[in-house]
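Hi,

Here is the structure I promised to pass on. Have a look at it first, and my notes follow below.

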Protein chains: 2
Amino acid sequence: MTTKLPVGRPATASDVAKLAKVSQSAVSRTFTPGASVSDTTRARVLAAAVQLNYTPNHLARSLSTQHSKIVGVALTYLDNQFYPQVLQCLSDELGKAGYRVLLFITHGRSEADPALEELLRYRVDALILASTSLSSRLAAECARVGVPVVMFNTIGADSTTPGISGSNELGGRTIASYLVAGGHQRFAFLAGAGESSTTREREHGFVNRLAELGHARLFREKGYYTFEGALAATRCLLKRAKRPDAIFCANDHMAMAALQVARIEFGLEPGRDVSIVGFDDVDIARWPGFSLTTYSQPVTAMVAETIRILRQLLAGRAPTSLRTQVPGRLIVRGSARQPTSGIRRDEAGIAFWEDV
Amino acid sequence: MTTKLPVGRPATASDVAKLAKVSQSAVSRTFTPGASVSDTTRARVLAAAVQLNYTPNHLARSLSTQHSKIVGVALTYLDNQFYPQVLQCLSDELGKAGYRVLLFITHGRSEADPALEELLRYRVDALILASTSLSSRLAAECARVGVPVVMFNTIGADSTTPGISGSNELGGRTIASYLVAGGHQRFAFLAGAGESSTTREREHGFVNRLAELGHARLFREKGYYTFEGALAATRCLLKRAKRPDAIFCANDHMAMAALQVARIEFGLEPGRDVSIVGFDDVDIARWPGFSLTTYSQPVTAMVAETIRILRQLLAGRAPTSLRTQVPGRLIVRGSARQPTSGIRRDEAGIAFWEDV
DNA sequence: TTGAAAGCGCTAACAA
DNA sequence: TTGTTAGCGCTTTCAA
């Protein structure tokens, strides 16, 4: 009964074939969905497989099929909760599509990161670049060797790599409208890192809309997308003689810092004494201690779009869109003074605001 | 000059060999550290490789070498910031050791998760189970097929799988001592999920030490390791007629919830009106808005131990230890009333407390 | 130091 | 429906 498998050496298709007294290809076919095998053969193979604890070697398969069913996901840092959320969702959805995630966490050393060379060694079927500081150089390199790339939450300098993002520009505009509608007068922007496309677009929308409404972004500080950076930046902002009454932070992660500096170091209650708005709507933004008003980047929808584009690429087709912007909403919570009108609730009871 | 590589088909060793006018094995050797190749051959191969943009196919290599240089990391959820931190550190350290992380995020459906079967398909060289709710059944299964497994922050029911954990029991004891030293009288424990070994050990240490000091754990609620669960549990705790004056939460993630419920829903200021202590010392625990007193599980050290054990396993040796407990410290911050003595500071200025 | 050749575990024609 | 056979890209003897 117990055909002991040699320890340390997983059973192979040949082992199974031998035991089942069929050819090795019969085994292969049994494990290939939609291949033609008789019920009897399949049964015998399956029985032998169970006995030997056989599982097809995906890596070996990749040699003949030319696809590894592995997708590389490159991220810069997991401090900002947005990225763990993205990673989790990505892993789930790719899993459903039969792909596994091979993780590449770089450290902002971006350009010359040697780890990324490894991407190619592992013959990932595709690469998802979910990182603000990852270069388009890498994207270009992958394109050259024929590895499909899609950029998540960034856009590269080159416009040939498809990218998925939230509605940065519109989000910035909506936040401007919201803050003006809330009666604010003195606007500040807490920027991320210099070159990032997300910061640029969000600020662009914000500043433009403010201008349309007869206002200006009076102050600007850089938080470099880090918590500590945002702490410092907020201090700069709030210790001014005539301090801003509204701060739009380029992402939630930095908004959390701003919130805490205002409340704890300056005794300013967010939503009453100063308004703070973020971008992303990460899970913890709704924690009661933050109650952060923010423009959402719906992770599920963004990931769905990413997968959609990815599938096109994997199928060898050209992407139907090079720039997919997933709509978000201004989620109304307590960290920014609320306008008297325009706030609605969806079926789930989530309060949001729409510019008229 | 430009020998265009066929699009969609990365160059192979044979392509390079042909171009360099050497044998394919010469190419292989050039890319095998410590193989014997003449300088001239190497140079020609390298030149051809660059020209063709060649990178050795790691997957193909794994066929002959019997190792994939891939380590599976299984996690349940990334909401609790501890796990993203662990993942990042793990990815870094494994990277240094030449391994890549293949991600398996399950959803607490633990036992019967089909995705985990895939682990074997990908012939991971080893598996790191960093998840409270993952079963030892899986560990056993892997052991059976010869895949080394190490459990991170859990211990399985079977004692054959090596595990790395923080100092759960000692941590629980230290927290008890600390709270008693701080003059507390009414103790509560906010548990995680029922079966988890971490909760059990932490509570065990806590309760035992309390008893030694003439106290008892008066209340106990389950937070199921989730934020929402902890919100509810804390409400139960705090709305009692004679409510606890000290709550030890089984991890930081739940302690965050407790903190906010106390402050916002009950108007109790943590550290003054009620003391709340966590476990893990996640990054956000030191955010000014939380200032959470907590017993640390040093991620870097825990990961280092994990890698150490893993390497032994990968080398085919027996692990030097089946249960590695990494020491932590009681990090003193503001969420729990401080005893009058015993608080010290390390070189980095971090305040901690040691039981006498 | 080199090349030829076998084999790693699998898929996919191709015949039977 | 089956088995045979030829690769997939690489490593690793084994001779030369």
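Which element gives the most to the surface near DNA strand D? That is α4(B), with five residues. A note before the rest: this is a predicted model, where local features need pLDDT of at least 70 and side-chain atom pairs count only at pLDDT 80 or more, while totals for chains, interfaces and linings use all residues. Residues are numbered from 1 along each chain as its sequence is written, and chains are lettered from A and ligands numbered from 1 in the order in which they are written.

On to the two protein chains. In chain B, 42 residues are in contact with 42 residues of chain A (C-beta atoms, placed from the backbone, within 7 Å). α5(B) provides the largest share of chain B's side, six residues (helices are DSSP runs of H or I, at least four residues, and strands of E, at least two, numbered from the N terminus). That side of chain B divides into 20 nonpolar, 13 polar and nine charged residues.

Finally, β2 of chain A (residues 100–105) and β2(B) pair in the antiparallel sense over three bridges (pairing needs at least two DSSP bridges). There, Leu102(A) stands opposite Leu102(B).

Best wishes

Methods
Two residues are in contact if their C-beta atoms, placed from the backbone, lie within 7 Å. Ala, Val, Leu, Ile, Met, Phe, Trp, Tyr, Cys and Pro count as nonpolar, Asp, Glu, Lys and Arg as charged, and the others, Gly among them, as polar.
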